[in-house]
Amino acid sequence: MPPAENGDLNDGAAVFISRVEENTFAVFSTVCTHQACPVDLPFGPDEDLWCPCHASVYERETGKVIQQPTQGTATDLPRFRSQYDPEPGILKINGEPEIR
């Protein structure tokens, strides 16, 4: 699949890019899977993504739910395939989330 064009990725919503290793990145939607609220980004390198609407928490390197919301349930954040070329320092992100 070709890389997404501007505005095509994640239906125009922001994505979160986490550096997992030197040349490995994970790219996730920042839309909570509980009720589609925007997820807050981590404040520090060891913190996770948090949804301010109902307190869902998602692991920063996998996008997995590590704390369910105060009401109902959430699923893991959609993850986008990406490819990093370290020589020019370019990360290409595919437009459709992976099926997990």
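Trainee: In this predicted model, which residues is Glu 61 in contact with, leaving aside its neighbours within four places in sequence?

Mentor: Glu 61 is in contact with Ser 18, Arg 19, Val 20, Ala 26, Phe 28 and Arg 79, once neighbours within four places in sequence are set aside. Contact here means heavy atoms within 4.5 Å.

Trainee: Where does Glu 61 lie?

Mentor: Glu 61 lies in the loop between S4 and S5. Phe 16 is 45 residues from Glu 61 in sequence. In space the two are 10.0 Å apart, C-alpha to C-alpha.

Trainee: Why is Glu 61 called partly exposed?

Mentor: Set the value against the cut-offs. Buried means under 20%, and exposed means over 50%. Glu 61 has a relative accessible area of 33%, so Glu 61 is partly exposed.

Trainee: What makes Thr 62 partly exposed?

Mentor: Thr 62 has 27% relative accessibility, so Thr 62 counts as partly exposed. Thr 62 is found in the loop between strand S4 (57-58) and strand S5 (65-67). Glu 96 is 34 residues from Thr 62 along the chain, and their C-alpha atoms are separated by 17 Å.

Trainee: How do you know that Gly 12 is exposed?

Mentor: The cut-off for exposed is over 50%. Gly 12 has a relative accessible area of 52%, so Gly 12 is exposed. Gly 12 is found in the segment before S1. From Gly 12 to Cys 51 there are 39 residues in sequence and 19 Å in space, C-alpha to C-alpha.

Trainee: What is the phi of Asp 11?

Mentor: Phi of Asp 11 is near 55°. That is a positive value in a residue other than glycine. Asp 11 is found in the segment before strand S1 (15-21).

Trainee: Why does Asp 11 count as exposed?

Mentor: Exposed means over 50%. Asp 11 has 80% relative accessibility, so Asp 11 counts as exposed.

Trainee: What about Ala 36: what is its phi, and where is its place?

Mentor: Ala 36 has a positive phi of about 65°, although Ala 36 is not a glycine. Its place is in the loop between strand S2 (24-29) and strand S3 (49-50). Ala 36 has a relative accessible area of 52%, so Ala 36 is exposed.

Trainee: Now the inside. Which residues make up the largest nonpolar core?

Mentor: That core has 12 residues in all. Among them are Phe 16, Ala 26, Phe 28, Cys 32, Cys 37, Val 39, Cys 51, Tyr 58 and Leu 77.

Trainee: What makes a set of residues a nonpolar core?

Mentor: The members must be buried and of the listed kinds, including Ala, Phe and Cys, and joined through side-chain atoms within 4.5 Å. Cys 32 is one of the 12 residues. Cys 32 is in contact with Cys 37, Val 39, Cys 51, Ser 56, Tyr 58 and Leu 77, leaving aside neighbours within four places in sequence.

Trainee: How many helices and strands does the protein chain have?

Mentor: The protein chain has zero helices and seven strands.

Trainee: How many of the 100 residues count as buried?

Mentor: Of the 100 residues, 33% count as buried. For each of these, the relative accessible area is under 20%.

Methods:
Residues are numbered from 1 along each chain as its sequence is written. This is a predicted model: local features need pLDDT of at least 70, side-chain atom pairs count only at pLDDT 80 or more; totals for chains, interfaces and linings use all residues. Side-chain values use heavy atoms; hydrogens and water are left out. Buried means under 20% relative accessible area, exposed over 50%, partly exposed in between (1.4 Å probe, protein chains only). Helices (H or I, at least four residues) and strands (E, at least two) are DSSP runs, numbered from the N terminus.
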